[in-house]
Amino acid sequence: MEPLQTLTEILRALADTVAGLFIRLIGFATSGPINLAMVLAPLAAVAAIVLLLRRERAAGLVESVEEIKEEDQPDVLDQYEMDETIKVVIKREDGAVKYYSIEPELDERLLRIVSQIEETYIRKGVDPSSVLKKLDLVEEDLKKVTYHVIKNLKGSWKLEPLIRDEQLEDITITKPGPAYVIHRRYPDMGWMETNIVFTGEELDRQARILAERNGAELSIAKPSAEVMTHEGDRIAITYAGELTPGSSTITIRKFPRSPYTILDLVRFGTLNDITAAYIWTMIEAKKFVLIAGPTGSGKTTFLSSILQLLPAKAKILTLEDYHPEINLSWHRNWHRFVTRRTLGETAYSLADILRLSLRHRPDYTVVGEVRGTEARVMFSAASTGHGMVSTIHAEGLEDVYQRLTSVSMGVQQDELSFLDVVVLIRGTSRGRKVMNVWEVEKPGKEHLISWYDVVHDRFYPENWRQLAMNSPTLSKDPYLRSQYELRYFTLKRLLGKGEKYNAEELARVVEEQRRSWEVVIA
């Protein structure tokens with residue numbers, strides 16, 4: 001017998017039984033008023049309970065339906081506006097985090113206006129700005145038209161909304177399909193898919209536009225370009241599958257318009273104020289400090305934040321490749337050196353400009369990233385007492401030593417003792433963190449000054465006195481320890497105030513504080 005038939009027969013039997021009981025109850029109730037009351041009272045109570053249960057069940061069903069609906073809706077992690085025209089929404093959707101850029105929409109009338117302005121510019125060379133000024137449009141429509149005209153004629157076409165977003169760190173398109181981005185607020189999320197999608201033809205056109213509008217040539221004869229935009233972003237392009245089979249590719253590294261300060265990094269949880277004050281003290285004391293980490297870990301951002309705190313009267317030299325990232329433009333005695341890419345005898349490598357820079361009598365020499373023979377020059381300069389700071393691509397302390405002593409860099413084993421401090425920074429599930437700081441006496445004799453506990457999400461040590469005890473340099477040098485204390489309490493006070501400073505403002509505030517230190521010490 002089938003299970004369904006068995007269940008049906010049981011229900012029928014149960015119904016017959018209930019019906020028989022109901023008939024008997026009716027007969028009993030009609031035999032007298034007292035019996036009627038005895039039957040109706042329990043039935044009323046049962047009816048009330050059934051009604052209550054039905055209501056609760058209905059409410060439960062509604063709640064469960066609402067829960068299902070909420071689960072079906074993607075989680076909105078963040079949303080914000082740019083230039084009062086573009087809205088950004090970041091959602092958790094289909095098991096992934098996606099980035100949506102919502103541009104201002106144009107109706108048919110506004111579309112015609114945009115087309116007419118573009119045609120006037122292309123055919124007659126009339127400046128779009130002059131035409132836009134004459135338009136009789138309400139403010140909202142004027143903003144929409146202006147955005148699309150600039151986007152198409154002078155901007156970055158389909159990538160314009162992504163390039164405008166200062167919260168993005170990297171943008172890439174490696175084949176026809178969506179562009180992907182890395183967001184500064186969510187670096188641990190990795191590459192987010194966007195709603196900006198390219199066909200193969202559109203990707204080729206986008207690559208040409210980016211190259212041409214930033215002063216570079218891109219063609220089958222010259223299938224790659226590396227350019228720097230006016231805003232300071234770095235773009236690497238390959239064209240039409242010549243070097244990358246299949247399609248053009250675009251990768252854009254976006255740099256903050258206003259560099260992050262050390263206060264920003266402490267608030268982001270990249271490091272604590274105790275460790276920040278120590279590294280600031282060691283760099284200002286002209287120690288040789290090397291910041292290590294993998295690609296995209298924030299090495300240059302961290303280096304730049306510390307350089308903002310150096311004395312205004314100091315002479316700072318920064319040496320970088322032809323696309324510089326460090327910006328100290330407000331500093332009155334900052335010299336920027338960059339490599340020269342010209343082929344032949346006139347080319348200047350990092351090693352060449354490092355040798356040249358040492359003749360300029362710098363107080364602090366900063367090499368953006370050490371990768372080759374300039375490493376040997378750095379160590380030679382450090383041995384004579386030059387303050388030296390740089391970054392290096394490495395996964396840990398041993399990796400730092402191995403890279404420095406490799407054939408490409410050429411540092412001798414005994415020269416490693418000139419290194420004073422190694423800082424390791426890398427990305428974690430909780431964002432970028434300064435994982436370890438070591439003070440180096442010599443290879444094999446390093447002192448762990450501070451560290452980050454991934455499991456408990458905490459930095460150690462948790463007080464400045466313990467960090468000072470961990471450092472042989474601070475323990476043996478009372479003056480340097482006093483300098484460390486001044487810097488720690490300065491950072492603590494500025495963080496406590498809660499004010500938001502840009503890099504130039506923070507440098508000015510710290511300089512004012514430095515004058516008061518000098519008065520106290522004197």
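Helix H9 is mostly covered, with 12 of its 12 residues buried. This is a predicted model, where local features need pLDDT of at least 70, side-chain atom pairs count only at pLDDT 80 or more, and totals for chains, interfaces and linings use all residues. Residues are numbered from 1 along each chain as its sequence is written, and side-chain values use heavy atoms, with hydrogens and water left out.

User: How do you know that the span of H9 agrees with what a helix should have?
Analyst: Helices are DSSP runs of H or I with at least four residues, strands are runs of E with at least two, and both are numbered from the N terminus. The expected span is 1.5 Å times one less than the number of residues. For the 12 residues of H9 (273-284) that gives 16 Å, and the end C-alpha atoms are 16 Å apart, so the two agree.

User: Why is H12 called largely enclosed?
Analyst: Seven of its 10 residues (374-383) are buried, so the rest of the structure largely encloses it. Phe379 and Met378 are among the seven. The cover includes strand S10 and helix H11, with contact meaning heavy atoms within 4.5 Å.

Notes
Buried < 20%, exposed > 50% of the residue type's maximum accessible area, 1.4 Å probe, protein only.
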